[in-house]
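Trainee: Could we go through this structure together? I would like to start with some of the aromatic residues and then move on to the strands.

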Amino acid sequence: GAVYRYFYSNNTLSLFLSHSYLNNRNTKFLNNDNSISSNLSLRFRSVEQKSNFRVENLNRISNFRLIYGLALSVPDYTNSTFKRVFLNNPIDINYNSNLTLFTYALFFNSNYRTSDQKLSVNMGMRLDANNFSSSMSNPFNQFSPRFSLSYELFEDFNLNLSAGRYYQLPPLTALGYKRGNQFINKGLKYSGSDQYALGFDYSSINDMKFGVELFYKNNFNGLFSINDSIPLDAKAVEYGAIGDEVISSDLKGRSYGAELYYRWFSSDKFNLISSVTIFRSEFKNSKDLWTPTQWDNRFLLTLSGGYRFGKNYIVGAKFRYAGGAPFTPIDEDKSSLVLAWDASGREYRDFSQYNSKRLGDYKQLDLRVDREFFFKNFAFKLYLDIQNVLNFKYRDDDALMSTGIIVNPNSPIEDQRYQMRRIELESGTILPTIGITFEF
């Protein structure tokens, strides 16, 4: 990409031009045997590229700072897909797609700060639209206002609040999904989120900062898989590409909680950074019940710090802790069916029990020791970094695999089942690293 800026009077005019390109390929054969063409279960070929142009003007008037402009982009998407899926029976999906969109956005933002620096106010808006459908072509359907305020109530003690609406274009894989010559997901809308935050922060003269923030996010028009009745983004963990299926924009979600952070820098000898987040992340399922999303760990802790000793020794540590993530149990009955396993070569989850179970908590402690050497024209550093000092073993959900042995070969093909076996998935080991860094 490239950027051009022109300065005139109290204004700065900026022009941005860029292009991005992604070539995504995935191929899979049953039992990894490509000598038989009928073993092909997935052949995915797609190219996503986008040309972007944005013009914005920054205008400074007294204590006001105004930014306004226009953004244009032309996403281009091509796809050639063959995949075998199992619903109630094996189904082959084979389609080719070519989609070119024209998107645009108008935006405006104003910032005002009082002369005594005690009050800062931000207000803005954005309009987004594209030519994919009549709903998306109306920019007022994607009108997104934003507001934030920071006020110094007492010396070094600030009150902060913000509210805003945000929109995001669905993935091109979903927009470009076809059956025959028809784009199936023409009813999709921009995914939206209303976000609110309220908090305070305190900064002292000895480089200590402390803050608390309460937040709430109301998500709407989220992408929902019709076949599996789960959020589309929940599939990102297990699938190489997501979105090439029938999808609706009916998903509702929310996340809310509190974050506390503390930072302390004492000259150049000591530093400490820590944060704790307690939260919930949920969506409404097909029964209109709030259900945990895959990000609903509920508790996150990060603590890192370092101390500089004499003779240029530096010792640092980082500790991370997260609550157990929810997961969906395996549908072993469906997975063991010969027709189901041969269609995709993988296990199936029981989405009627979506995210009904939880993994164990995660924790990791890392340590690092540096020794610096300074010379007239250069410096170098020796370091020893040890990750997972506690040698914590993280247990993920089991994997289910077919042994290739059919337990009832004389039954009709639709009733035949493989003998299955579970594989325990465990990760985590002590990982030391020794290195040298040169600085000239």
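Trainee: Does Phe210 count as buried, partly exposed or exposed, and at what relative accessibility?
Mentor: Bearing in mind that this is a predicted model, Phe210 counts as partly exposed, at a relative accessibility of 27%. Phe200 is also partly exposed, with a relative accessible area of 27%.

Trainee: How many aromatic pairs are found in the whole structure?
Mentor: The search finds 25 aromatic pairs. Phe200 and Phe210 form one that is tilted, with 6.1 Å from centre to centre and 50° between the planes. Because Phe200 lies in strand 12 and Phe210 in strand 13, this pair ties together parts that are 10 residues apart in sequence.

Trainee: And what about the rings of Phe378 and Phe440, how are they arranged?
Mentor: Their centres are 6.5 Å apart and their planes lie at 35°, so that pair is tilted. Phe378 sits in the loop between strand 22 and strand 23, whereas Phe440 is in the segment after strand 28, so the pair ties together parts 62 residues apart in sequence. Phe378 counts as partly exposed at 32%, while Phe440 counts as exposed at 83%.

Trainee: Switching to strands, which way do strand 18 and strand 19 run, and how many bridges join them?
Mentor: They run antiparallel and are joined by nine bridges, with Leu300 having Ala322 in strand 19 as its bridge partner. Four residues lie between the strands of this hairpin, and Lys311 takes a positive phi near 60° there.

Trainee: What else does strand 19 pair with?
Mentor: Strand 19 is joined to strand 22 by 10 bridges, again in an antiparallel arrangement, and Tyr313 stands opposite Arg371 in strand 22.

Note on methods
Residues are numbered from 1 along each chain as its sequence is written. This is a predicted model: local features need pLDDT of at least 70, side-chain atom pairs count only at pLDDT 80 or more; totals for chains, interfaces and linings use all residues. Side-chain values use heavy atoms; hydrogens and water are left out. Two strands pair if DSSP finds at least two bridges between them. Helices (H or I, at least four residues) and strands (E, at least two) are DSSP runs, numbered from the N terminus. Rings of Phe, Tyr and Trp (its six-membered ring) pair if their centres lie within 6.5 Å; planes under 30 degrees apart count as stacked, over 60 as edge-to-face and the rest as tilted. Buried means under 20% relative accessible area, exposed over 50%, partly exposed in between (1.4 Å probe, protein chains only).
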